[in-house]
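Q: Could you zoom in on one part of this molecule for me and take it slowly? I'd like to see how that part is built and what surrounds it.

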Amino acid sequence: MKIFTSAQIHELDKYTIEHEPITSLNLMERAAKALTRAIEQEWSNRTPVVVFAGPGNNGGDALAVARLLSEDGYGVSVFLFNVHNKLSADCATNKKRLIEGKRVKQFTEVTVNFDPPQLEAGMLVVDGLFGSGLNKPLAGGFAAMVKYINQSAAKIVSIDLPSGLMSEDNSYNIRANIIRADLTLTLQQKKLSMMMADNQQYLGRIKVLDIRLSPEFIQRTESRCSILEEKDIRQLLKPRGDFAHKGSMGTALLIAGSYGMSGASVLATRACLRTGVGKVITHTPKRNYEIMQISVPEAVLQMDTEETIFSEPVDTEDYHAMGIGPGLGTSEATAIALIAQLRRCTCPVVVDADALNILASHRAWMQQLPKNLIFTPHPRELDRLAGITSSNCTERLFKACELADRLHGYILLKGHFSALCHPDGKVEFCSTGNSGMATAGSGDVLTGIITALLARGYKQADAARIGMYLHGLAGDLAIKDLGKESLIASDLIDYLPKAFLRLEE
Ligand SMILES: NC(=O)C1=CN([C@@H]2O[C@H](COP(=O)(O)OP(=O)(O)OC[C@H]3O[C@@H](n4cnc5c(N)ncnc54)[C@H](OP(=O)(O)O)[C@@H]3O)[C@@H](O)[C@H]2O)[C@@H](O)CC1
Ligand SMILES: Nc1ncnc2c1ncn2[C@@H]1O[C@H](COP(=O)(O)OP(=O)(O)O)[C@@H](O)[C@H]1O
Ligand SMILES: [K+]
């Protein structure tokens, strides 16, 4: 699913009106019907409803929703904010329709002073103040009203976007002046700001309502950001031929583990094997020998000369892909071995965990890295790698994109919606995964999965796409049986078979 910018959404709206047999007013009515249906699914008509409408088309939607809800027997009070005496054409028409319909309990047009209504538990606020047309942070009376609504015990449903939240970048927004919705009913597609962890507090649950905007425009318009869905991943998967043998399914090298962190090498190796690769060779310190042999009998071991750390780079000619970093530690000897390893590597590579931490503390080395590496940082690792000091998620994403461009590699920024940043500036978000996966070792599993896919011959972009999707899908399938609280990283590996089966259905 593409994620368009607010400017593109505006174009899409316009194009639909010009090229489909629908007027702008009827498109608003279509949106309002979808919004009303979604509200009625959640709240019965015994719920008192207070609608706050702004002067633009978001307000127009809200007025139409107020009319439709009142026609269905809801008791609706409406406040239309028209402080500049300027309504959009469709908002003005919907105001007229609402007044002529005479069904709403109360209609107040606020032009100067506003006497706020009592908002109580059990009531529903419909927030239609501002949507994708918001062009600056809310201030003054609007900010005061947002705060008033937020502090009330009423439930809040926002139309398209919580008012005050920008569609894309909220780095310079005033966060106290944004509606905190319980439910956001967004039109046609998610907006970029909805993918950011720090905006979750405003969005509540999100439902996307299809209002049938021009499919032709959607198809031919390029978007920088998109959300990967099951159908995209299914198209990428290559069938396993009947004549496949272990020599044809790829040989993967994992460099992982140190004393006290052998578990990381176990998890990455098991995940790699479960991702259908022909052979896995795990290079690990001597001390891990028995642990690995017993935990993963399917793996071939290559022991480092050191007892407890990774200390010497190895030839990669015999391998189709390499994954490096899980549980590696950050000792100076390991750091030197790592950079030598990355420089001499001839196969596709996944760089994770301590390998990222080492690069972060030796940033000058990053100029020596080969192209097309896949980096899999979690937010803190990215912050260290890119020298980010702010905790703003949008800024972090943009920095990840800059880094992908600078390194000519792939940055898979992990999180609830993991974001794959391509070297050409594109960003793909992962739609699978859940908070049960917020448990130590989940990232090691991802490294194993992507390394296997690279070894099997998938190009970097596809291996990262399929890998993050499969990993999240395994988590989603696992919690159906195990719940989120008890999930541990090895469960993800155990549910990889089911994830594959689901994608092959
Ligand atoms: N595209 C679609 O798919 C469809 C979209 N639809 C709906 O349209 C919505 C977009 O409508 P929109 O473009 O009229 O913008 P909207 O959010 O109502 O705000 C514009 C008004 O706000 C004002 N304003 C801005 N910032 C402000 C501030 N900080 N403080 C104060 N005022 C501020 C701005 O004034 P200006 O600054 O331009 O003078 C203008 O008056 C969209 O979210 C969806 O709900 C559906 O009906 C049909 C299909
Ligand atoms: N709330 C969440 N929703 C979806 N996925 C999550 C969530 N929390 C963690 N994950 C996933 O779990 C993995 C955690 O990786 P990481 O932080 O590197 O763990 P570790 O270093 O312990 O192995 C990532 O792939 C991330 O996307
Ligand atoms: K809104």
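A: Let's zoom in on residues 229-503, a span that is 44% helix and 13% strand, with its end C-alpha atoms 11 Å apart. Helices (H or I, at least four residues) and strands (E, at least two) are DSSP runs here, numbered from the N terminus. UniProt, in an unreviewed entry, gives this stretch the feature "domain: YjeF C-terminal". UniProt positions follow the numbering used here, feature names are shortened, and an annotation may be inferred rather than shown by experiment.

Keep in mind that this is a predicted model, in which local features need pLDDT of at least 70 and side-chain atom pairs count only at pLDDT 80 or more, while totals for chains, interfaces and linings use all residues. Residues are numbered from 1 along each chain as its sequence is written, and chains are lettered from A and ligands numbered from 1 in the order in which they are written.

Start with a mixed, open sheet of 11 strands, which runs S1-S9-S18-S17-S16-S15-S14-S13-S10-S11-S12. Two strands count as paired if DSSP finds at least two bridges between them. The edges are strand S1 (2-3) and strand S12 (300-303), and each has a single partner strand, so one side of each is left without a neighbour in the sheet.

Strand S10 (residues 251-255) and strand S13 (residues 321-324) run parallel and are joined by four bridges.

Next come S11 and S12, a parallel pair with four bridges. Threonine 284 faces methionine 303 in S12. With helix H10 (residues 289-295), the two strands make a right-handed β-α-β unit. Right-handed means that, with the strands pointing away from you, the path from the first strand over the helix to the second runs clockwise.

On to the ligand side of things. UniProt, again in an unreviewed entry, lists Lys414, Gly415, His416, Phe417, Ser418 and Gly443 for "binding site". These residues are spread over 30 residues of sequence but cluster in space, with a largest C-alpha distance of 14.0 Å. One of them, histidine 416, sits in the loop between strand S16 (410-413) and strand S17 (419-421).

What surrounds ligand 2? Its shell has 18 residues, with Gly433, Ser435, Ala438, Ser442 and Gly443 the closest. A residue is near a molecule if its C-beta atom, placed from the backbone, lies within 6 Å of it. Helix H15 (residues 442-455) gives the largest share of this shell, four residues. By type, the shell holds five nonpolar, 11 polar and two charged residues. Here Ala, Val, Leu, Ile, Met, Phe, Trp, Tyr, Cys and Pro are nonpolar, Asp, Glu, Lys and Arg are charged, and the others, Gly among them, are polar.

For comparison, glance at ligand 1. It has 29 residues around it, and Gly56, Asn57, Asn58, Gly131 and Gly133 come nearest. Helix H1 (6-19), helix H2 (24-42) and helix H3 (57-71) each bring at least two residues to that shell, and the largest share, five, is from H3. This shell divides into 13 nonpolar, 12 polar and four charged residues.

Another "binding site" annotation in UniProt, also from an unreviewed entry, covers Asn58, Asp127 and Ser163. They span 106 residues of sequence, yet they cluster in space, with a largest C-alpha distance of 9.3 Å. Aspartate 127 is in strand S5 (residues 124-128), and S5 belongs to an open, parallel sheet of seven strands ordered S4-S3-S2-S5-S6-S7-S8. On average, neighbouring strands of that sheet are turned by 15° against each other, direction ignored.

Definitions and conventions:
Axes are lines fitted to C-alpha atoms, for helices over the stretch in contact, and angles run from 0 to 180 degrees between N-to-C directions.
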